[in-house]
Amino acid sequence: MAKEYEDIPGTFVFDADRSREGYHLNMFCISLRLAENREAFKADPEAYMALYPMTDAQRQAVRDRAWNGMLELGGNIYYTAKLAANDGITFQELAAKMTGMASEEYRDMMVKGGRSIEGNRSKIEWENK
Amino acid sequence: MAYVKAGVGCSHVPAIGVAMDTGITEQPYWQPVFKGFEKSRQWMKDNKPDVIFLVYNDHCTAFSAEVIPTFALGCAAEFQPADEGWGPRPVPVVKGHQKLASHIAQSVILDEFDLTIMNKMEVDHGLTVPLSVMFGDVEDEWPCPVIPLAVNVVQYPAPTGNRCYQLGKAVRRAIDSYEEDINVMVFGTGGMSHQLQAQRAGLINPEFDKRFLDLLTEDPVAGSQITHLEYMREAGSEGIELVMWHVMRGALNEKVEEVHRHYHVPASNTAVGHVILENR
Ligand SMILES: [Fe+2]
């Protein structure tokens, strides 16, 4: 199927292909919703990750806390946010990290009305900025 | 017979719940967000619902990647607030309305909308934040029972705006045919423009949001035709949550009056939008 939405810049649309690819990564992330799992992960991250048959690239992205990398490998933001929460990172701090901005800079941008749609609609607009 | 007099559209930003739970709603950052709900809280007292039919989405909390129902109707006796990774919100258990919920399920399924029936389900901020902002702080229990309808907006594709609008109409037919004389209020929640992920995170589009709200009141059929691509491009990848407002709108009369509108940027990463629509 044609994916018109792939033209939206700076965005990973979580479609069936990404969902299939990211299944075990997402199941790992959501497991951290529960306190007992967070403790097991903290005690031995590698052993805990081994419970989920992720790809090597996904495992490395988790180790590196490569937040955009996880999305590219099929992760979904609502799942990766559980990993962020496990690390004590708020949703807004997580958003800042993914945009490459400092937390205060990102928060400031939001207070001033957020990221404008102008210049951010398509990959061509995005690249020509 | 049961009846619908009004609908509520409302963002369900988790940070709004956190602000209420930690008592910081008077801080300058939050004050303008909550100011817009003062009138709504009085209106809720004046228009006291017997039951709320609340359309929301689960954020990978009750539903993991294992099960992704497009429409899931809460038919349980009660719904526990979920632990989303930070501990459950300190709010009361949400009581369901089993008789009306099962009536709606039966009616809507025979009307050819193939719902998933949930007899056990935890509910996340998507459901509890709208209740909190509309009712204000509550003590031991919520003022009325709630029937949750969880919609998949996380994995593409969400149901279309038109499908949501048509489902709202079917829900209305179901409510209208329920024999008890009760006031059922319909909530559509989520949005407005926001993107939580990747390099474009923080996107806000007030022009899109305003047009969406105008269409919702004045030309709901046109509003229901907004495509997924347009939501994701113009309102951010998570702005697609707005399809859920069309279920609420479909359950109202063709003609409605917008008796209240509130719009504020930002709450955390999101544009906060809120309307109250009364049937005319
Ligand atoms: Fe949401």
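Why does B:Asn47 count as buried? In this predicted model, where local features need pLDDT of at least 70, side-chain atom pairs count only at pLDDT 80 or more, and totals for chains, interfaces and linings use all residues, side-chain values use heavy atoms, with hydrogens and water left out. Residues are numbered from 1 along each chain as its sequence is written, while chains are lettered from A and ligands numbered from 1 in the order in which they are written.

B:Asn47 counts as buried because its relative accessibility is 19%; buried denotes under 20% relative accessible area, exposed over 50%, and partly exposed in between (1.4 Å probe, protein chains only). The residue is found in the loop between helix H3 (38-46) and strand S2 (51-56) of chain B, where helices (H or I, at least four residues) and strands (E, at least two) are DSSP runs numbered from the N terminus. Not counting residues up to four places away in sequence, B:Asn47 touches B:Asn183, B:Met185 and B:Glu278, contact meaning heavy atoms within 4.5 Å.

The largest nonpolar core has 65 residues, such a core being a set of buried Ala, Val, Leu, Ile, Met, Phe, Trp, Tyr and Cys residues joined through side-chain atoms within 4.5 Å. Among the residues with the most contacts inside this core are B:Phe53, B:Leu73 and B:Phe212. Helix H6 (residues 161-176) of chain B contributes the largest share of the core, six residues. B:Phe212 touches B:Met192, B:Ile226, B:Tyr231, B:Leu242, B:Trp245 and B:His246, not counting residues up to four places away in sequence.

B:Met192 also takes part in a cis peptide bond, which runs from B:Gly191 and has omega near -5 degrees. B:Met192 lies in the loop between strand S8 (184-189) and helix H7 (206-218) of chain B. Another cis peptide bond joins B:Tyr156 and B:Pro157, with omega about 0 degrees; B:Pro157 is found in the loop between strand S7 (146-151) and H6 of chain B.

Positive phi values occur at B:Cys60, about 55 degrees, and at B:Glu112, about 80 degrees, although neither residue is a glycine. B:Cys60 lies in the loop between S2 and strand S3 (71-74) of chain B and, at 4% relative accessibility, counts as buried. B:Glu112, in the loop between helix H4 (98-110) and strand S6 (116-118) of chain B, counts as exposed at 61% relative accessibility.

The largest pocket has a volume of about 970 Å³. On a 1 Å grid over the protein atoms alone, a pocket is an open set of points where a 1.4 Å probe fits, with protein on both sides within 12 Å along at least five of seven lines, and lining residues have an atom within 4 Å of a point. Grid points are joined across faces, edges and corners, and a volume is the space filled by probe spheres set on the points. The lining comprises 38 residues, with A:Thr90, A:Phe91, B:Pro14, B:Ala15 and B:Val18 nearest the pocket centre. H1(B) gives the most to this lining, with six residues. Domain 1 (12-89) and domain 2 (90-129) of chain A both give residues to the lining, so the largest pocket lies between them; the domain bounds come from an automatic or database domain assignment.
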